[in-house]
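Open your viewer and get ready to click along. At each stop you will get something to select and a short note on what to look for there.

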Amino acid sequence: EVQLVESGGGLVQAGGSLRLSCVASGFSFDNFVIGWFRQVPGYEREALACISKSHGSSYYRDSVKGRFTISSDNAKNTVYLQMNSLTPEDTAVYYCAADPQLLRLWMTGNADYWGQGTQVTVSS
């Protein structure tokens with residue numbers, strides 16, 4: 001069974017940091033682009049960052065550049081999102097997703113696989 005499982009969310013004070021993990025099972029990251037998304041009630045789901053092993057590149061939404069870093073550990077089939085300098089505006093449910101096509105994932109937000117999400121809450 002193909003599965004993506006996020007972890008690492010929680011409650012953190014403004015200015016703090018969290019590292020989210022996305023563990024894949026049932027398939028390998030080798031042929032997939034992995035992305036991190038977040039969603040706030042009443043707002044569209046937004047792409048934050050993605051990483052492509054085949055392209056050897058990563059991409060970030062402007063609002064998180066310099067604060068968030070996406071990385072991967074292929075031996076563990078795990079992708080991470082390091083989040084620093086968090087603000088209350090970062091409060092959301094965070095999801096990871098996997099798709100073979102970078103443009104489809106990044107531009108449309110469509111993906112073959114999605115995790116269940118992990119809640120991040122940043123207090124003032």
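**Stop one: the cysteines**

Select cysteine 22 and cysteine 96: a disulfide joins them, with 2.0 Å from S to S (a disulfide is a pair of cysteine sulfur atoms within 2.5 Å). This pair links distant parts of the chain, 74 residues apart, with cysteine 22 in strand β3 (residues 18–25) and cysteine 96 in strand β9 (residues 92–99). Strands are DSSP runs of E, at least two residues, numbered from the N terminus. This is a predicted model, where local features need pLDDT of at least 70 and side-chain atom pairs count only at pLDDT 80 or more, while totals for chains, interfaces and linings use all residues. Residues are numbered from 1 along each chain as its sequence is written, and side-chain values use heavy atoms, leaving out hydrogens and water.

The torsion about the S-S bond of cysteine 22 and cysteine 96 is about 70 degrees, so the disulfide is right-handed. Both cysteine 22 and cysteine 96 are buried (under 20% relative accessible area, with exposed over 50% and partly exposed in between, using a 1.4 Å probe and protein chains only).

Now click cysteine 50. Its sulfur is 13 Å from the closest cysteine sulfur, in cysteine 96, too far for a bond.

**Stop two: strand β8**

Next, select residues 78–83, strand β8, where 5 of the 6 residues are buried. β8 pairs with β3 in the antiparallel sense over 6 bridges (strands pair if DSSP finds at least two bridges between them). Look for leucine 20 opposite leucine 81 in β8.

Finish with the hairpin of β7 and β8, which has 4 residues between the strands. In its turn, asparagine 77 has a positive phi of about 50 degrees.
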